[in-house]
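Please open the model in your viewer and keep the selection panel at hand. The tour below goes from one selection to the next and says what is found at each stop.

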Amino acid sequence: MKTEVRAVVIGGGVVGCSILYHLAKIGWSDVVLLDKNQLTSGSTWHAAGGMHTFNGDANVSKLQKYTIDLYRELEELTGQSCGIHHNGGLMLAANEGEMDYLRLVASRARYLSMETEIIPVAEAKRRNVLIEEKYFTGALWRSDGGHVDPWGTTHAYAAAARKLGAEVYQYTKVTGLSQRPDGSWDVSTDKGSIHAEHVVNAGGLWAREVGRMVGIELPVLAMEHHYIVTDAIPELEGLEREIINTTDFSGEIYVRQEGKGALLGTYEHNCTPWSVDHTPDDFHTQLLPDNFDRIAPELEVGFEHFPAVGRAGIKKSINGPFTFAPDGNPLVGPVKGLPNFWVACAVMAGFSQGGGIGLTLSRWMAEGDPGADIMAMDVARFGIFATPRYTKAKVIENYRRRFRLAFPNEELPDARPLRRTPIYGRLEKAGAVFGANFGLEHALWFAPEGVELTENPTYRRSNAFPHVKAECLAVREAVGIYETSNYGKYEIEGKGARAWLDKLLACKLPKPGRMAIAPMLNKEGRIVGDLSVACLDRDRYLLIGSGFAEAFHMRWFWLQNPPADVHVRSAASTLTGFSVAGPNARTLMQRLVREDLSPDAFKLFAVKETAVGLSPVIFSRAGFTGELGYEMWTTPDFQATLYDEIFEAGRDLGLKHFGGRALSSLRLEKAYGSFNKDFRPDYTPAETGLDLFVDFKKEGFTGRDAVLAEREKGPKKRFAVLEVDTDTEVIGYEPILKRGEVVGHVTSGGYGHYVSKSLAIGYVKAEHYEDGGEFAIDIFGEDRPAILRKAPLHDPNGGRLRG
Ligand SMILES: Cc1cc2nc3c(=O)[nH]c(=O)nc-3n(C[C@H](O)[C@H](O)[C@H](O)COP(=O)(O)OP(=O)(O)OC[C@H]3O[C@@H](n4cnc5c(N)ncnc54)[C@H](O)[C@@H]3O)c2cc1C
């Protein structure tokens, strides 16, 4: 056994073996994988091996496609069969909502260059003879996907890694991990110790236990999962090819051919978490007892929807555990505070995602960057709010909904309310319909008296539409108040703060009493944050960003090594805030502050620590609505008082609440991008238009070389707002077309209530970026006309904002 290596991968399931292969492929041949039993002996060996490309996040879809395409390459490289059945996939819809979903998937596939087709049920039946047509209204066929042999695939990864110099030690258990002062790791095993520069936790069913070795509790939990395999089915005899792997949303069933029979599995409602606190150490190549009662309701439906399966005898049944994160996507990446410790766990679809995870993590480890935005599977999308109890509630909720439609306006109820600000009860009284962001409750919109406090989940316009409109009009015509506590807030202090921030942020740092828009870039010059920075004093700064990215940004700050004289603190729970915006905002706020708020005295981006009414507040002239507005931050103990006083002062000025839905509409009208939708590490300052805020003259900021190089060449694509002729808004990742050719994609959109237009934000190839340019956007299968607008639709000259 080697005792000095570049990296140790803990875990020989499909995920660990893929990581080993990808590390070796990227040139790290000095890597070893340790498994306490034999390869595949965790959750991998009993998987159904299904693979597909669909994911709510386009980048994860791309990685799934990469995974599926990799299998042939692995076979050629190693001679080890992966047992590929490249059958393709069918998704069955039983109602209009499900048809909408299929149309959305088809539209996104067009952007991703993946082959799909909406087909009638009769055609679906031709491709899978087991389907009972009467239960369905339509289907989507996709060319990719199918299933593989879990054992063969995992061993093919391992064999490919070995060919490149990596080594695999089976029956070698990691018993402890300790870090040396230089950041490298001593990996203790039952066969001796290995010194490694890097450690990867790909411990699958035991990922929690491996995490505990370094003092972290990962939000991951295993669920029991059942599938059955039938005896031979006469209907499958004599077919030229296997039936297409099929997903039935209404039945919550998946079906595929297995030999001469069928394999049918379900994500049952009456589901069971497994080993909630601790995974038994010896649970290798084991199954759990059958529990047909648990899946009986779903089986009953499955046997109606696929009657020939019901008529066949059950040859084999598998009940085994596999792991999930609270939202069903994997947990991948570095962990704040633990240099050179990486996780790749909670992978519930190892055969769709394993290859992409290996590719991403190996790049991250070797090059310091995952290569694309992978926020959807970044371990940093969860914070301390993801306690074991939260994880359990959310994993169960997610498992039950695995085959349910996920609507873009839907807020899932379990483990809520969790984080609440002091005015939660006041907002509740005012009719707030809440959503949760990073565990924190925030108002999405306000239901007027007599209106039900719920929003119908839909891909189209919801019942909230007229109420959100009223909120938008209040902001544009009078004044509105929005609670901003769900923004990300960071306090940076100390003698070295200014110098460190100067390197961290690409903008010119503001002087004391001023704020600035602050793009934050990685070395490749891509956007890792669109923050704003307020200089409270030469040595004290407040950064504001997206709330859900709090752990992501705190990890980023840590990775940039703040020196000893710089203190970085998250103010997620220690600052609460409000935005007050609209033409009457100045009159309102002037009633509460002593400072002169006239346009020349307190200009746009002014910031001051002062009192608003009775409360001490960091008070600024800023906002995200495009109106004259103020943002203010105070500690939670003052928040209710501040809120009451603002309301009292605004009574005669038409003050109304507005929520997240209205804010989103208002920012679209001003063409403001939103982080993780429009601004992500996939895009650059020149592409996003954030280059306007980059100080190109400044030396030494992260990403400078890359942005200068890009400035020479010009961006390949451009951030654009399009007016769309439609009565159904875009959702995201729809293709933007020019004469039928895909020339861009949508990143977000919605209805601009004040300008009375449906709007989409996205990126188009630079050569097509022209004002008035005519495009089409595929919305639910219809190519809807869209016109590019270079200037914001509302207040294009910014007169209201600055006035
Ligand atoms: C019934 C069922 C059906 C499924 N069907 C599908 C499907 O159709 N398609 C699909 O993509 N996925 C499917 N899955 C999920 C799939 O099995 C998982 O995504 C996959 O196995 C995850 O692999 P992994 O490498 O993360 O974890 P695991 O396979 O659990 O591997 C972890 C490994 O780490 C090792 N290990 C842990 N701790 C230590 C330690 N301290 N020292 C040394 N070694 C250690 C273990 O021995 C184990 O071998 C299914 C799962 C089940 C249960």
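How do the residues of the lining of the second largest pocket divide into nonpolar, polar and charged? In this predicted model, that lining divides into 18 nonpolar, seven polar and nine charged residues.

To find the place, select Trp364, Gly368, Trp556, Leu559 and Gln560, which are the closest to the pocket's centre of the 34 residues that line it. The space within this second largest pocket comes to about 800 Å³. Next colour strand 19 (338-345), helix 9, helix 13 (497-504) and helix 14 (550-559), the elements that each give two or more residues to the lining.

Now move to the ligand and show the 40 residues around it, of which Asp35, Thr44, Gly50, Val347 and Phe351 come nearest. This shell divides into 19 nonpolar, 18 polar and three charged residues. For the polar backbone atoms, select Gly50, where one lies 2.7 Å from an oxygen atom of the ligand, and then Gly350, where the distance to a ligand oxygen atom is 2.8 Å. At Ala48, a backbone N or O atom lies 2.9 Å from a nitrogen atom of the ligand. Taken alone, the ligand exposes 1000 Å², of which the protein buries 97%. Helix 1 (14-25), helix 6 (207-213), strand 12 (221-230), strand 17 (314-324) and helix 9 (350-367) each give two or more residues to the shell.

Finally, select residues 717-795, where an unreviewed UniProt entry places the feature "domain: Aminomethyltransferase C-terminal". Over this range the chain is 0% helix and 59% strand, and its end C-alpha atoms are 25 Å apart.

Technical notes. Residues numbered from 1 in each chain as written. Predicted model: local features only at pLDDT ≥ 70, side-chain atom pairs only at ≥ 80, totals over all residues. Heavy atoms only, no water. Near = heavy atom within 4 Å. Polar contact = N/O pair within 3.5 Å; in protein donor to acceptor, adjacent residues only side chain to side chain. Areas by Shrake-Rupley, 256 points an atom, 1.4 Å probe, with all protein chains shown as cover. Helix = DSSP H or I, 4+ residues; strand = E, 2+ residues; numbered from the N terminus. Nonpolar A, V, L, I, M, F, W, Y, C, P; charged D, E, K, R; others polar. UniProt positions renumbered as here; feature names shortened; annotations may be inferred. 1 Å grid on protein atoms, 1.4 Å probe; cavity = no way out; pocket = protein on both sides within 12 Å on 5 of 7 lines; lining within 4 Å. Points joined across faces, edges and corners; volume = space filled by probe spheres on them.
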